[in-house]
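Trainee: I have a model open and some questions about it. Can we go through them one by one?

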Amino acid sequence: MASRERLYELWMLYCNKKDPDYLKLWLDSFVSSYEQFLDVDFETLPTRVDDVPPGISLLPDNILQVLRLQLLQCVQKMSDGLEEQQQALSLLLVKFFIILCRNLANVEEIGMCSYINHVITMTTLYIQQLKSKTKEKEVADQTPIEEFVRHALAFCESLYDPYRNWRQRIAGPSDPETNYKMQGLEY
């Protein structure tokens with residue numbers, strides 16, 4: 001787990017040098033620190049994590065504006081085809097937003113911004129790419145695209161169903177005691 005000091009150091013390096021590599025390192029460290037909140041396995045019931053990701057107010061001051069710009073650049077470059085580094089960055093960005101939205105206090109602010117529009121645009125373009133692939137290219141290129149789409153779906157879930165009620169309903173009925181416990185309620 002990356003320490004707060006390391007995250008702060010990487011952010012300061014990015015701010016001082018304006019080097020996008022430092023931003024990617026910061027994102028990677030942040031996502032690694034909160035990986036337990038990235039529940040993208042839609043086949044199983046969601047796991048309840050007792051910890052809570054940080055609130056937006058605890059993040060660097062202009063992080064959301066910086067990341068919105070990065071996401072917009074990824075969308076704009078998609079028409080030419082994203083390079084492997086851009087694909088990795090776009091996935092990191094979506095993971096970051098999922099983690100933020102697992103703190104319910106952040107959902108409204110993230111939902112009001114244009115992040116979801118950009119993620120939906122990228123997901124649509126990726127799905128179109130998947131549909132148009134030839135059989136030979138399909139095996140080689142499919143995994144990063146599918147991973148992005150799966151995380152984009154988890155991002156939508158974290159915005160529009162933060163308690164993951166739909167996933168619980170799809171998983172089938174279980175005893176009421178388990179349902180209450182999964183929602184953090186007493187039975």
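Trainee: Leaving aside neighbours within four places in sequence, which residues is serine 90 in contact with?
Mentor: Keep in mind that this is a predicted model. Serine 90 sits in helix H4. Contact here takes heavy atoms within 4.5 Å. With neighbours within four places set aside, the partners of serine 90 are Cys74, Leu82, Met122, Tyr126 and Phe148.

Trainee: Is serine 90 buried or exposed?
Mentor: The cut-off for buried is under 20% relative accessible area. Serine 90 has 0% relative accessibility, so the residue counts as buried.

Trainee: On to the rings. How is the aromatic pair of phenylalanine 97 and phenylalanine 155 classed?
Mentor: The search of the whole structure gives 11 aromatic pairs. In this one, the centres are 5.8 Å apart and the planes make 35 degrees. Stacked would need under 30 degrees, edge-to-face over 60. The pair is therefore classed as tilted.

Trainee: How many residues apart in sequence are the parts that this pair ties together?
Mentor: Phenylalanine 97 belongs to helix H4 (residues 84-101), and phenylalanine 155 to helix H7 (residues 135-160). Both phenylalanine 97 and phenylalanine 155 are buried. The pair lies across two helices, so the parts it ties together are apart in sequence by 58 residues.

Trainee: Which residue lies over the face of tyrosine 14?
Mentor: Tyrosine 14 is part of one aromatic cluster, whose members include Trp11, Trp26 and Phe97. A charge over a ring must be within 6 Å of the ring centre. At 5.6 Å from the centre of the tyrosine 14 ring, the residue over its face is lysine 18.

Trainee: What share of contacts between residues at least 6 apart joins residues at least 24 apart?
Mentor: The protein has 9 helices and 0 strands. Of its 187 residues, 41% count as buried. For contacts between residues at least 6 apart in sequence, the share joining residues at least 24 apart is 72%.

Trainee: Where is confidence lowest?
Mentor: Mean pLDDT for the protein is 83. Helix H2 (residues 20-33) has the highest confidence, at 94. Where pLDDT is low, coordinates should not be read in detail. The lowest mean, 55, belongs to residues 176-182, helix H9.

Technical notes: Residues are numbered from 1 along each chain as its sequence is written. This is a predicted model: local features need pLDDT of at least 70, side-chain atom pairs count only at pLDDT 80 or more; totals for chains, interfaces and linings use all residues. Side-chain values use heavy atoms; hydrogens and water are left out. Helices (H or I, at least four residues) and strands (E, at least two) are DSSP runs, numbered from the N terminus. Buried means under 20% relative accessible area, exposed over 50%, partly exposed in between (1.4 Å probe, protein chains only). pLDDT is the predictor's confidence in each residue, from 0 to 100. Rings of Phe, Tyr and Trp (its six-membered ring) pair if their centres lie within 6.5 Å; planes under 30 degrees apart count as stacked, over 60 as edge-to-face and the rest as tilted. A charge sits over a ring if NZ of Lys or CZ of Arg is within 6 Å of the ring centre and within 35 degrees of the ring normal.
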